[in-house]
Structure formats: structure tokens, C-alpha cells
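Here is a short walk through one protein model. Keep the sequence and the 3D view side by side as you read.

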Amino acid sequence: MANGGPVEHGYPHLETVRAAITALYRRLSYDTVQAFSASVAPADVAFCDTDDLHLGAQRVAREIVRHFRLPEARLIVGFREMTHAADVELAAGPEYFVELNDRFRTHRRDIGAALAHEVTHVYLHRLDLAFPTTAENEILTDTVATYLGAGWLLLDAYREDGVSSQKLGYLTPEEFGYVLAKRSLFFGEDPSVWFTSAQAYTAYARGLDRARQDGRQPPLTAAGWAGRRRYAHDRRHVSGVPPTAPYAFTPDPAGRLRVSFPCPTCHQRIRVPVRGRVRARCALCRTVLECDT
């Protein structure tokens, strides 16, 4: 939890974020992801200063547990002095003990954001979905929370001005915006109307631009002139394709050239023949892609 200190910006965790989206689709399936088409509603997690602290925190926790379809999970919420925003004890269940930073006693509007992250930890624990390191797991948790409709609360908790700052979660504001935009493009949902933070809106707009770039990379037909020209050059000089290129060429068993590239929705790599106009369908997220290979 950045509290008054510098807030990191940009996309330093982008590859881990993309790997997290792929892992989510592989673990849940397309149909289960589709079941999260509606985000957590602002009214369901609203928390005002006149609400009872503990009863209100339990109410918000129940709403987020319901959103993640965890009927057998019960969260017991408490408060204490701590460095991080929150912590959850991942036991066998059905009861999970969540501790929130004492700061939330007077910053109640952000309790939903902190609980969204911790409930996602419980959800991933139940799924047995994890990455190798603690840092990667925290990125996975923020990404899953956001992609499944609860993480917009984490982005909305980001506020920064000339004298103070606050950010919850482990993604940068722009990375939260990127994942939220991925969700928005997939479900056709506009989360920007829920933001109470102007800085969150700006970060979402930047993330949306970055997410749209994923759908404009060659060999997709939406790629711009410069990208198409570069792709045509690399297709003629396969051995010289730089490792930073978003695509790679390999021969199939019969010696015919194929190109692989990441799906702009779920980032699983797709492999298609190099033969001009091709329509491909991602087997993981079922996105239909128009390509010019």
C-alpha cells in the first residue's frame, strides 16, 4: 500500500499480467469466465462514515464473496496496525480471517478495494492456481480480481496529488487500467462511469490505449501500415526476425512456413499457416481473429 510515497507508473509487470490472464482462462475455461460478465456493483460495496465499521466490513466482504461464487467461504474481518493494506489467512476454510490496516477505520470508502484483493486470494487458493513466487502471485491476484469484475475497486482507490498519494494493490495504475480494459473489450462493459477518482479514470484511459494496441499487431489485419510493412520484411527474412517481434516463424513437419503470435484477448499463442488471408479462432477464449499472414 503506497501511502504518501511515490507511486510506480508504467508497465513493469506486463508480461506477468498477460501470463496471469492466460492462466486464468486455462484454469477456469471460457464458459466460467463468461459467468463473470457483470462486475461488482458500486452500490453493493458502498461504505459511508456513518456505517458501523465491523458490520459494514462484513457486509462488503459477503458481497465480494458472493460475486466470486464462494458460498462455503465465510470471512471474519478485523483491523490492526500493519504495513500492508490487508492480510488473509489461507487455511482450509470455510472460515477465513482477514485483517485490514487500521487506516481503513477512517478511510472506509476503500475497504471494498482491500477486501477485493483478499477475497481473490481465497478464490485462487480454492482453485489451486498459483505462480512460482510471492511477487508473481500478488500480480496474479490483482489481475484475476480485475479481470473477473472486482478489481475496478482497487484502481478507484488510487489517488495522487501534489502533496499526497494512495494506491492499493501490486499493479501500477496503468496496469490496472490495462487489465480493466481487457475485461471491458471482452464483455463490452464500461467501468469508467464508476470511478470516483480522476486519476483512476486517466490510468484506465492509458490502459485502454495499450490494450487496443494488442489487437493491432501483425499478422492481424487491424495492424497499421508500418506494422504490416515490418511483417512483410520479416516474412522474407525469417532468420533475421528480432526476438522482440510479436510473432515468430517456424516450419511445420512438411516444411511449410507457419507464424505464431499471441491472442490479443487471452495471450495464448496461436499458430497459423503463412498463406495470406486467414481466419483463426483461439481455442482458449474463442476470439475470432482476422489475419493476413
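The text below goes from strands to helices and then to one aspartate.

This is a predicted model. Begin with the strands. Strand β2 covers residues 74-80, and strand β4 covers residues 95-101. They run parallel and are joined by 7 bridges. To find this pairing, look for R74, which stands opposite E95 in β4.

Strand β4 has another partner. Strand β3, residues 86-88, pairs with β4 in the antiparallel sense. Here 3 bridges link the two. V88 stands opposite V98 in β4.

Now turn to the helices. Two packed helices are described by the angle between their axes and the distance between the axes. Helix α1 spans residues 14-28, and helix α7 spans residues 173-187. Their axes come within 10 Å and cross at roughly 35 degrees. The crossing is right-handed. On the α1 side, the contact involves L14, V17, R18, I21 and Y25. On the α7 side, these meet E175, Y178, V179, K182 and F186. The residues of this contact divide into 7 nonpolar, no polar and 3 charged.

Finally, find D214 in helix α8, residues 198-214. Is D214 buried or exposed? Its relative accessible area is 11%, which is under 20%, so D214 counts as buried. Leaving aside neighbours within four places in sequence, D214 is in contact with R18, Y178, K182, L220, P264 and H267.

Definitions and conventions
Residues numbered from 1 in each chain as written. Predicted model: local features only at pLDDT ≥ 70, side-chain atom pairs only at ≥ 80, totals over all residues. Heavy atoms only, no water. Pairing = 2+ DSSP bridges. Helix = DSSP H or I, 4+ residues; strand = E, 2+ residues; numbered from the N terminus. Axes fitted to C-alpha atoms, helices over the stretch in contact; angles between N-to-C directions. Left-handed = near helix turned anticlockwise from the far one by under 90°. Contact = heavy atoms within 4.5 Å. Nonpolar A, V, L, I, M, F, W, Y, C, P; charged D, E, K, R; others polar. Buried < 20%, exposed > 50% of the residue type's maximum accessible area, 1.4 Å probe, protein only.
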